[in-house]
Amino acid sequence: MTNPQVIVIGAGPTGLMLAAELGLAGVRAVVVERLLQRSGQSKALGIQPRSAEVLELRGLLEPLMDQAVQLVPGGHFAGLRLDFTTWDTRHPYMIGIPQGRVEALLEERLAALGVPVLRGYEVTALAQDDDGVEATVHGPDGETRLRGRYLVGCDGGRSTVRELLGIDFSGLDGRLLSVVADITLDDPDGAVSATWSLPVMTPDRTGKGYLAPIGDGVHRFLFYGAEQQTLSRDTPISEAEVGRALHHTVGPGVELTGIHWASRFTDASRQVERYRHGRVLLAGDAAHIHSPMGGQGLNLGLQDAFNLGWKLAAEVHGWAHPGLLDTYHAERHPVAARVLANTRAQAVLLVHDEENLALRDIVSDLLGVPEANRIVAGMISGLDIRYDLPGPSHPLLGRHLPDLDLETPDGSDRVARLLRDGRALLLTSVAPAAFAEVVAPWGTRVHHVSVTAGLGADAVLVRPDGYVGWAAAVGVTGDMAALGAASRLWAGMTTSRPRNDHQPTS
Ligand SMILES: Cc1cc2nc3c(=O)[nH]c(=O)nc-3n(C[C@H](O)[C@H](O)[C@H](O)COP(=O)(O)OP(=O)(O)OC[C@H]3O[C@@H](n4cnc5c(N)ncnc54)[C@H](O)[C@@H]3O)c2cc1C
């Protein structure tokens with residue numbers, strides 16, 4: 001491909017989602033992936049409610065639901081149940097779906113958008129200047145150089161991009177060594193549950209694990225017993241080790257017949273200090289890793305990408321507000337930092353000793369209190385995210401706008417459908433002409449819809465990622481100057497900036 005504007009390294013869920021957002025916004029993007037084909041290994045199995053909403057904003061949820069193994073009401077915190085129904089969402093459940101299927105779906109979207117995925121190409125060197133980034137990639141035909149205006153490292157926890165830039169990835173080393181394996185088994189008496197479920201996790205290191213069917217006759221088996229703690233991360237995983245753990249978990253009547261893949265992982269948690277290094281940005285596991293507890297990593301990556309895509313597109317198209325791209329770090333770094341913290345807290349609740357068991361009992365009781373359960377459910381599901389955005393205070397500012405049913409002069413509609421094309425959205429339930437006049441300079445970049453019922457506010461400016469950038473309460477005359485400022489920040493400058501006036505920050 002010639003002259004990509006953005007080079008995305010890594011075709012995991014983060015890189016694919018980012019490339020889809022860039023493609024939707026008309027950016028020439030390319031994804032560089034070192035694997036010739038998808039590995040067939042699915043680390044993640046669950047889509048959280050906020051990710052489901054995000055996918056729905058681009059029409060990706062319906063095809064994903066068609067591929068789901070199962071929907072499970074609620075989520076979990078260290079194996080303790082969370083109720084998502086207390087949040088205003090159409091999707092108060094975990095969608096059980098192997099990561100590989102999510103990736104396949106996103107890759108189909110890329111094909112439809114004409115965004116190429118270069119498979120079998122590995123990035124080995126990077127150089128950036130004031131104008132762009134050059135990546136050296138090794139592929140089937142040897143070494144090639146790709147140049148783009150920006151490059152995003154979505155290349156996972158052992159990110160080459162991060163290493164090439166010498167970016168520190170410090171944090172806490174893992175204390176618990178676990179094994180994940182996708183296995184087939186012989187279960188003549190039906191001892192193993194036939195339905196996918198949320199993990200039943202208890203503070204137990206006797207070798208008991210989590211076992212659940214994930215479709216196509218395959219079972220996900222996760223275990224972290226005493227034996228695993230004596231081994232190193234590089235120790236090969238043998239059938240004998242998996243078989244022993246299986247017997248501990250479900251008894252001798254169930255036999256292991258095959259291992260599709262298996263891997264050891266730890267609960268190490270690390271995060272880069274800055275997500276942007278000049279014209280190179282980091283997203284997903286390349287920027288943060290943590291224990292899979294609660295099922296949040298893939299979801300974080302998808303939402304990093306969703307936050308970054310439209311901002312990067314605005315930058316490439318030359319109309320971004322000078323501070324827009326840096327809001328990616330400002331908004332997403334604290335979200336991941338909080339996930340690192342909550343996974344560490346979950347790890348404490350899973351270690352088997354008397355103090356921790358006492359603490360777990362108390363947390364368990366607290367989660368029985370609806371308001372406490374709601375707080376933790378909001379955190380794990382991603383539904384409680386509130387970005388610290390400038391502008392007049394309003395309960396909706398910085399939060400995602402729920403997928404409201406709206407009445408418009410053209411008939412019934414929903415917020416999710418109105419955001420499908422990736423543009424900013426101005427919804428007004430009063431004085432549409434006055435609001436239309438204020439946002440007129442942004443032309444088609446702001447999609448203005450007059451609402452006759454269902455909004456619950458006088459006017460709301462929604463960013464392309466569904467978060468509210470400005471809102472006026474019912475009965476309060478909209479602060480038009482503030483709407484203008486918010487439009488400038490989120491929908492861009494109304495005259496194009498010259499190509500190089502925004503220098504990299506480092
Ligand atoms: C056991 C386990 C269970 C999990 N369960 C869940 C869960 O239920 N829910 C959840 O949300 N998360 C879960 N996670 C976490 C989730 O799998 C990760 O957070 C997710 O894969 C991160 O996606 P990513 O795209 O950022 O990185 P990755 O998926 O790691 O993708 C990175 C891609 O970059 C490519 N790459 C690497 N280096 C280069 C290079 N030099 N050049 C070109 N390409 C390169 C790789 O081949 C890879 O395809 C789990 C993780 C584990 C280990």
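Which residues line the largest cavity?

Mentor: This is a predicted model, in which local features need pLDDT of at least 70 and side-chain atom pairs count only at pLDDT 80 or more, while totals for chains, interfaces and linings use all residues. Residues are numbered from 1 along each chain as its sequence is written, and side-chain values use heavy atoms, with hydrogens and water left out.

The lining of the largest cavity consists of Arg50, Glu53, Glu56, Leu57, His400, Leu401, Pro402, Asp403, Val415, Ala416 and Gly466. The most comes from α2, with four residues. Helices are DSSP runs of H or I with at least four residues, strands are runs of E with at least two, and both are numbered from the N terminus. By class, the lining has five nonpolar, two polar and four charged residues. Here Ala, Val, Leu, Ile, Met, Phe, Trp, Tyr, Cys and Pro count as nonpolar, Asp, Glu, Lys and Arg as charged, and the others, Gly among them, as polar.

The largest cavity holds about 80 Å³ of space, and there are four cavities of 30 Å³ or more. The search runs on a 1 Å grid over the protein atoms alone: a cavity is a set of points where a 1.4 Å probe fits but cannot get out, a pocket is an open set with protein on both sides within 12 Å along at least five of seven lines, and lining residues have an atom within 4 Å of a point. Grid points are joined across faces, edges and corners, and a volume is the space filled by probe spheres set on the points.

Two of the lining residues, Glu56 and Asp403, also belong to a network of salt bridges that links Glu56, Arg90, Asp403, Asp405 and Arg414. A salt bridge is a side-chain nitrogen of Lys or Arg within 4 Å of a carboxyl oxygen of Asp or Glu. The whole structure has 25 of them.

Another salt bridge joins the side chains of Arg463 and Asp465, at 2.8 Å from N to O. Both Arg463 and Asp465 are buried, where buried means under 20% relative accessible area, exposed over 50% and partly exposed in between (1.4 Å probe, protein chains only).

Arg463 and Asp465 are touched by Asn307, whose other contacts are Tyr328, Glu331, Arg332 and Tyr387, not counting residues up to four places away in sequence. Contact means heavy atoms within 4.5 Å. Asn307 is found in helix α8 and is buried, with a relative accessible area of 1%.

Glu331 and Tyr387 lead on to the second largest pocket: together with Pro334, Val335 and Ile385 they lie nearest its centre, in a lining of 29 residues. This pocket holds about 390 Å³ of space. At least two lining residues come from each of α8 (297-317), α9 (326-348), α11 (370-381) and α14, and α9 gives the most, with nine. Its lining has 13 nonpolar, ten polar and six charged residues.

Asp384 counts as buried at 16% relative accessibility, whereas Arg338 is partly exposed at 36%.

Helix α14 (480-491) is also among the elements that cover the buried residues of α13, along with β24 (424-428), β25 (446-450), β26 (459-462) and β27 (468-472). Those buried residues of α13 (432-439) are Phe435, Val438 and Val439. Seen down the axis of α13, they fall within an arc of 90 degrees, so they line one face of the helix; the arc is that of the directions from the helix axis to the C-beta atoms. The face of α13 turned away from its buried side carries the exposed residues Ala433 and Glu437.
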